[in-house]
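Thanks, everyone. Let me put the structure up, and then we'll walk through some side-chain contacts and a metal site.

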Amino acid sequence: MNYRPYEVRVCSDGKRRGCFLKLTHEERKQRFWDKIKVGDPDECWLWLGAKQPSRGLFYGVYEWKGKGRSTHRIAYMLAKGPIPKGLVVRHLCHNSLCCNPRHLEVGTQAQNVEDAVKAGRMASGERSGRRKHPEAFPCGEDCKVSKLTEKQVLEIHRAYRSEELHSGQLAERYQIAQVHVNKILKFETWAHLRPTVESWGLPLEGLHRKNLGKARLLFGKNEQAVRREMRILREKGLTFREIAKKYQCSESAVRTRLKD
Ligand SMILES: [Zn+2]
């Protein structure tokens with residue numbers, strides 16, 4: 001859709017053509033405000049121009065600097081200045097067509113959603129689509145793209161928590177990406193298994209710490225133990241090189257472990 005302002009002109013060959021207008025900033029501003037029913041300062045000023053439906057509401061759209069934009073955003077920009085990056089413009093009056101700058105405020109998307117929930121326009125909690133229609137949101141093995149079975153995911157959790165294997169080794173064993181393993185371990189995926197995993201009572205200590213698996217490979221013990229030992233050696237007056245020789249690792253591996 002194109003919202004760029006144009007007018008119909010009669011050209012030299014007698015034909016009528018639509019021509020895009022070259023407007024100054026002031027003229028463009030004026031054309032924009034002309035499409036708004038400006039009323040009393042406290043009233044809602046409704047947008048009279050083109051509208052677009054979004055989530056059951058109608059929002060005004062207007063071409064501004066080459067792009068179709070929401071009119072309440074343009075109104076805010078013109079009246080109060082630029083909208084900070086990442087923020088949205090909220091309607092304090094819950095009227096999606098309102099362009100009265102006094103009814104507009106910037107906020108986060110989270111605040112905007114909160115507004116909608118408060119106004120009863122968005123279902124949350126027990127009314128949410130996910131709760132009401134779980135069949136529409138398959139998870140775990142029911143998900144068509146899943147590569148693992150529930151049993152395998154539980155094995156991954158158990159192996160990691162008992163410090164048998166680190167995520168790189170788990171990725172290799174199950175032929176999946178390491179980021180996927182990490183997501184499983186953080187319950188970003190297969191989140192519905194969290195209660196089962198937590199019921200085992202295996203401690204979470206050291207989980208997701210960087211280089212945990214590496215230390216195990218290099219030294220055969222966990223990171224904290226290695227650091228503790230190295231610190232003691234250092235306090236005894238050994239140089240980094242001597243410590244590195246003792247552990248058969250690089251000097252930089254010692255340095256990074258003794259940094260803090
Ligand atoms: Zn309003």
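Start with Asp-13. Its relative accessibility is 46%, so Asp-13 counts as partly exposed. This is a predicted model, so keep that in mind throughout. What does Asp-13 pair with? Its partner is Arg-17, in a salt bridge. The closest N and O atoms are 3.2 Å apart. Arg-17 is partly exposed too, with a relative accessible area of 38%.

Next, helix H1, residues 25–34. Glu-26 and Lys-29 both sit in this helix. They are three residues apart, about one turn. Their side chains meet in a salt bridge, 4.0 Å from N to O. Are these two buried or exposed? Glu-26 is exposed, at 54% relative accessible area. The cut-off for exposed is over 50%. Lys-29 comes out at 23%, so Lys-29 counts as partly exposed. Buried would need under 20%.

Now helix H3, residues 109–118. Here the pair is Lys-118 and Glu-114. They lie four residues apart, again about one turn of the helix. The salt bridge between their side chains is 3.8 Å, N to O. Lys-118 is exposed, with a relative accessible area of 69%. Glu-114 is at 47%, and that makes Glu-114 partly exposed.

There is also a network. Which residues does it link? Arg-90, Glu-105 and Asp-115, through salt bridges. How many salt bridges turn up in a search of the whole structure? Ten.

On to the metal. The model holds a zinc ion. Which atoms coordinate the zinc ion? Three are SG atoms, from Cys-44, Cys-93 and Cys-98. The other is ND1 of His-103. The distances run from 2.0 to 2.3 Å.

What is the geometry? Tetrahedral. The angles among the four donor atoms are 105 to 112 degrees. All angles have to lie between 85 and 135 degrees for that label, so the site qualifies.

Look at the spacing in sequence as well. The donor residues follow C-x48-C-x4-C-x4-H.

Cys-98 is buried, at 0% relative accessible area. Cys-93 has 26% relative accessibility, so Cys-93 counts as partly exposed.

That's the tour. Questions, please.

Notes. Residues numbered from 1 in each chain as written. Predicted model: local features only at pLDDT ≥ 70, side-chain atom pairs only at ≥ 80, totals over all residues. Heavy atoms only, no water. Donors = N, O, S within 2.8 Å, 3.2 Å for Na, K, Ca; no water. Tetrahedral: all angles 85-135°; square planar, octahedral: opposite > 155°, others 65-115°. Buried < 20%, exposed > 50% of the residue type's maximum accessible area, 1.4 Å probe, protein only. Helix = DSSP H or I, 4+ residues; strand = E, 2+ residues; numbered from the N terminus.
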